[in-house]
Amino acid sequence: MAMAAPTGSAALCGHLALLLLLLLAAPAALGYSFPQQHTMQYWARRLEQEIDGVMRIFGGVQQLRGIYNENRNLFEVKENVPRKLVEKVAGDIESLLAKKVRALKRLANAAEKFQKAHHWQDNIREEDIEYYDSKADTEYDDPDGEEIEREKSNSLKLEFTDDANFKTKVNYSYAAVQIPTDIYKGSTVILNELNWTQALEDVFIENRKEDPSLLWQVFGSATGVTRYYPATPWRAPNKIDLYDVRRRPWYIQGASSPKDMVIIVDVSGSVSGLTLKLMKTSVYEMLDTLSDDDYVNVASFNEKAKPVSCFKHLVQANIRNKKVFKEDVQGMVAKGTTDYKAGFEYAFDQLQNSNITRANCNKMIMMFTDGGEDRVQDVFEKYNWPNKTVRVFTFSVGQHNYDVTPLQWMACANKGYYFEIPSIGAIRINTQEYLDVLGRPMVLAGNRAKQVQWTNVYQDALGLGLVVTGTLPVFNLTEDSSDRKNQLILGVMGIDVALNDIKKLTPRYNLGANGYVFAIDLNGYVLLHPNLQPQIINFREPVTLDFLDAELEDENKEEIRRSMIDGNDGQRFIKTLIKSLDEQYIDEVFRTYTWAPIKSTNYSLGLVLPPYSTYYIQANLSDQILQVKLPNIKMKDFEYLLPNSFESEGHVFIAPREYCKDLDLSDNNTEFLENFIALMEKVTPDSKQCDNFLLHNLILDTGITQQLVERVWKDQDLNTYSLLAVFAATDGGITRVFPNKAADDWEEEPEPFNASFYRRSLDNKGYIFKPPYRDARYRGLDLENNTIGILVSTAVELSIGGKTLKPAVVGVKLDLEAWAEKFKVLASNRTDRDQLGARRCDPSSSCEMDCEANNKDLICVLIDDGGFLVLSNQEDHWYQVGKFFSEVDANLMSALYNNSFYARKESYDFQSVCAPEAQSNTGAAPRGVFVPTVADLLNLAWWTSAAAWSLFQQFLYGLTYSSWFQTEDVTADSMEARETSCIMKQTQYYFSTVNATYNAIIDCGNCSRLFHAQRLANTNLLFVVADKPLCSQCESVKLLQAEVRAPPRDPNQCELVDRPRYRKGPHICFDYNATEDTSDCGRGASFAPSLGVLLSLQLLLLYSSASRHPLPPAACL
């Protein structure tokens, strides 16, 4: 326990008590005493003066201000007007998306016209249809590395060329077709679908002629066929391809209105073994048909109904909530007797709960059971009739001989559908076909339902990166003989827009290092944000990062988010917390948030600007460029970018920006610099192919930083002050490091806007120390052969005509070992005239200990605002510089935290990637699997039975669904993943508001320790002096700072769903139409393809499923 005594006014007894504690805790040797408060304050002032003196001499802040003022004729000071910027960017994004919408509507209208004019052909043959089968050229490898023989195909043979826009090989003359593996492409339905959709190719091509920037144009058919343009080979998975367009969230969003769904699962005693496994997998698959616009709950029932998870009501069907359901469904156990009434009453009560956030559109109950006799008509009469606002879908699961008539009746009597799932092969198709039923009201609503919707962010299946998709439903406009409208949806049309194309419309470099643009949707998920950086590519799910998770949440941001979702515009100046770019520090900053809706979309745009970025520099060097007559010399400043000038002028790093269209970018700065110089020999800085703003500012800053070298750095001896380097970095993209040899150890980003020291210096006053980061496992280097440097930086603030801005950051790099010695001297009782040892304390003289003479008894350290060790008087601490201080002295760091020198902020990173956790497969056999007897195996009739076929499918799909024979989760599209998305827990420490000097004692009996702590003015440092621990009996719990994988259920979703974040669903809902024909409600098995198709599929599964790798992701495709 640490007892603190502040320097403010206190009672006399308080001072006496502290003095007594100081005396009691002093070292036992006679003549030594713990340094008094005024002594340590004196040491602190000496440290402050030394730091300030070095930075004044070498930093060159004043000189750089003078250089900028002297060159005022070379630049203008421009203003960022937030409202105008937001209005312009929102308008540009609206125009970009509007062009895609026009193409989308043209495609949807054409598709409806083509299908209506199409004449159905019963005798159509596969050879009658010409199309490019995207999987015909796909190479599938077996586990032994041998190529699997492809099935014969009549696919067109196309040639492809590399395309920079699509980042892959394409053919603009044709579209490609993808047909799911479990669909027989020679069936009459599929062939007719291929026949009429072929006409879409001409519309695809015309769309591209009108808008060459169009990316993937896609039609996803309700039959499962995908036709996309331009043609490109399908990306080969390492395992069987289970991609089905109808299961993609973009298709589901376009094919139906939002849903409130309650899933009830029969877990009575008759449901056991394989049937229970089938039900669990069916629930998993059903959950995957839901998007963030939907709400869901899952319950099991026998004599009573209860939720399978901690969720007591409908919750949003987002990734995290669905994960909880999937984990908890695994724990369902079969026992007791069946009572349908209990299950349905629970479900209806859930749907009638109006005190919670929900979709408030389609309402449905999905019941999975092995069969029963009760029709529970009284329940339907009580809750659902006569309006039938809740649809009931029933699923008969497993192989059994029960009468399914009651299940059929329940579905038909409540505007639903009845499905049969006899085996695992029927799960995928039958857990998605309910969408056809939900699409009926949309089709019957006609043009009112044809509204473009924009999706969440996705990873594109064919390599575009992050995209959003505009969707539009396509309806069947044919009529039957009685002139009744067809009520089937034909499919969904989609067009991808790459996020990079939207980002190009947003300002970047004029906003400064800490200004940025972001956009969110109606769920509060970010479309644009600098922190939207998913680490895993193979996402089956959309990339859903909430704005309040992309930033550090507070009340102001909650209100801003709500206003944006509501479609309002606004502006607010707030004080908030932000993470540093390296996620090690927290800064308290001021920001102006400005926002406005993007019209005709569900998105809202925001701009974040710090006060010092209200103004920015725009160089204007046109006159100087025109004065240059020699063809091989553009400007004198370019000479200082040439490597042959580095030895005298310092090494120059230039930010890898797109200065010109023909400039080849490179991660290697030397190579990028060579490319840049080579290009400048061919074009002038005023060339139309170059960005004049970027290029002129780069040239300006090259000259300004070179003048700093001439006026300040060249005249100083860095060794005298134990400096390894001096440096300057600018908004224009220049980082100059002097001397040249120091560049060999320069580890900072060449792009100043991506350098943590640069961004933190702009947000903090004074001198910002940055030690090299070391994690807890770091064991140190050989200091004799490796020089460790500590960065100290500060922003250069200009005031020009009353306009304040910060166009540059300057600093020095300290030699750790030399400054550690200097630190000991400055925090000692020596004066400048004293020689080492002249004032050393000893038992014969009564004096205070100091950090130099008594380093065996006294620990003296400088810790930065993140809690990382910067300097120490202990030599064995030197290799630990840059570590979180709790790793060095847990007892002392805990005392600093408990005495409020530091505050702590915990947050979560939802975009991380982790190695898969080891799975336990104990037990000799799979649980709940039917095992045939010897008699069965010898009985020919058994081999032709449904049970044999089910077991065969179970075995084959078990190879495909890696978890089928395990007790862990079953994942339908992905196999044994090498990497998985995960949640990481982050903890950062930062200075609290306490700015006083403290003396305190860490009270632990005979092991008590005194310490003194004081902030150093104009720095981000805390000066701490403490007794060395006398024994190890007073060890504290080590504070953790390193990022760790969040434990299961952390953050606690069960608590979070009770205080859901504000959101809005789509503005449209089509869940009812009086003319809907509900007579087609499923009166038999709906999964009955030919035996030949199934055998072919199963053999393909068996042959290709041994290699367990994840499938490619799917975005618009």
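**Entry 1: H8 and H9.** I began with a helix pair and noted that Lys280, Val283, Tyr284 and Leu287 in H8 meet Lys322, Phe325, Lys326 and Val329 in H9, where contact means heavy atoms within 4.5 Å. The model I am reading is predicted, so local features need pLDDT of at least 70 and side-chain atom pairs count only at pLDDT 80 or more, while totals for chains, interfaces and linings use all residues. Residues are numbered from 1 along each chain as its sequence is written, and side-chain values use heavy atoms, with hydrogens and water left out.

I sorted the residues of this H8 and H9 contact into 5 nonpolar, no polar and 3 charged, counting Ala, Val, Leu, Ile, Met, Phe, Trp, Tyr, Cys and Pro as nonpolar, Asp, Glu, Lys and Arg as charged, and the others, Gly among them, as polar. H8 and helix H9 (residues 319-329) pack at an angle of about 175°, with their axes 10 Å apart; axes are lines fitted to C-alpha atoms, for helices over the stretch in contact, and angles run from 0 to 180 degrees between N-to-C directions. H8 and H9 are therefore roughly antiparallel to each other (under 35 degrees is roughly parallel, over 145 roughly antiparallel, 65 to 115 roughly perpendicular, the rest oblique). Helices (H or I, at least four residues) and strands (E, at least two) are DSSP runs, numbered from the N terminus.

**Entry 2: serine 282.** Staying with helix H8 (residues 274-287), I looked up serine 282, which is found in it. Is serine 282 buried or exposed? Serine 282 is buried, with a relative accessible area of 0% (buried is under 20%, exposed over 50%, partly exposed in between, with a 1.4 Å probe and protein chains only). Leaving aside neighbours within four places in sequence, I found serine 282 in contact with Phe368, Ile421, Ile427 and Thr431. Isoleucine 427 is 145 residues away along the chain, yet its C-alpha atom and that of serine 282 are separated by 5.8 Å.

**Entry 3: a sheet.** I then turned to an open sheet of 3 strands, in the order S36-S37-S41 with antiparallel pairing; two strands pair if DSSP finds at least two bridges between them. Strand S36 (902-914) and strand S41 (1044-1045) stand at the edges with a single partner strand each, so one side of each is left without a neighbour in the sheet. I noted 2 bridges joining strand S37 (residues 980-991) to S41, and the partner of lysine 985 in S41 is valine 1044. Helix H26 (residues 890-898) lies across S36 and S37, running at about 110° to S36.
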